[in-house]
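Visitor: Hello! I am new to protein structures and would like to learn how to read one. Could you walk me through it?

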Amino acid sequence: IPMNAIGFFGKHVITAGSYDGDVYITRSDGKYKKLFYGDNRLKGYILVDMPECAGIYTSMIRESTPLDSVDFELIKLQPRLMAFTAETRAKKLNG
């Protein structure tokens, strides 16, 4: 997937995937998140000063994780492994 990362003016910006579909945006305390999703998949993202979120989102795009197989509402807010099923967590953690 296409990815970019850059730092400027004291901010870290990471982008990945494509920018089409439905959009979820959140802003607070100088941080910005924009997720693009559709067809039951996360398609892309733009993150400003949120590098800790990039790994989960990139994995979901790369693996074409169906959104109905995860707690997408939780992942939009806090991308963590707990949003995945126990089986998926075991696979990700055990290789």
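Visitor: In which sense do strand β3 and β4 pair, and over how many bridges?

Guide: Keep in mind that this is a predicted model. Strand β3, residues 22-28, runs antiparallel to β4, and the two pair over 7 bridges. They form a hairpin with 2 residues between them. In that turn, Asp29 has a positive phi of about 50°. To see who faces whom, look at Tyr24, which stands opposite Leu35 in β4.

Visitor: How should I picture the side chains along a strand?

Guide: In a regular strand, side chains alternate between the two faces of the sheet.

Visitor: What pattern does the protein chain follow along the sequence?

Guide: Reading along the sequence gives β-β-β-β-β-α-α-α. That comes to 3 helices and 5 strands. The radius of gyration is 13 Å, close to the 12 Å that the globule rule gives for 95 residues, so the chain is as compact as a globular protein of that length. Its C-alpha trace spans about 40 × 25 × 25 Å along the principal axes.

Visitor: What share of the residues counts as buried?

Guide: Of the 95 residues, 38% count as buried. The accessible surface of the chain comes to about 5700 Å², and 54% of that belongs to carbon and sulfur atoms.

Visitor: And how do I read a core?

Guide: The general idea is that in soluble globular proteins, nonpolar side chains tend to be buried together. Here the largest nonpolar core has 19 residues, and those touching the most other members are Leu42, Tyr45, Leu47, Tyr57, Met60 and Phe72. The elements that give two or more residues to this core are β2 (11-17), β4 (31-38), β5 (41-48), α1 (54-62) and α2 (72-77). The largest share, 5 residues, comes from α1.

Visitor: Which residues is Tyr57 in contact with, leaving aside its neighbours within four places in sequence?

Guide: Tyr57 is in contact with Lys33, Leu35, Leu42, Tyr45, Leu47, Ile75, Lys76 and Pro79. At 0% relative accessibility, Tyr57 counts as buried.

Visitor: Which parts does the pair of Tyr45 and Tyr57 tie together?

Guide: Tyr45 lies in strand β5 and Tyr57 in helix α1, so the pair ties together parts that are 12 residues apart in sequence. Tyr45 is buried, with a relative accessible area of 0%.

Visitor: What about contacts between residues 24 or more positions apart?

Guide: Among the contacts in the chain with a separation of 6 or more, such residues account for 37%.

Methods
Residues are numbered from 1 along each chain as its sequence is written. This is a predicted model: local features need pLDDT of at least 70, side-chain atom pairs count only at pLDDT 80 or more; totals for chains, interfaces and linings use all residues. Side-chain values use heavy atoms; hydrogens and water are left out. A nonpolar core is a set of buried Ala, Val, Leu, Ile, Met, Phe, Trp, Tyr and Cys residues joined through side-chain atoms within 4.5 Å. Buried means under 20% relative accessible area, exposed over 50%, partly exposed in between (1.4 Å probe, protein chains only). Helices (H or I, at least four residues) and strands (E, at least two) are DSSP runs, numbered from the N terminus. Contact means heavy atoms within 4.5 Å. The radius of gyration is taken over C-alpha atoms; the globule rule is 2.2 Å times the number of residues to the power 0.38. Accessible areas come from the Shrake-Rupley method with a 1.4 Å probe; for residues, only the protein chains shown count as cover. Two strands pair if DSSP finds at least two bridges between them.
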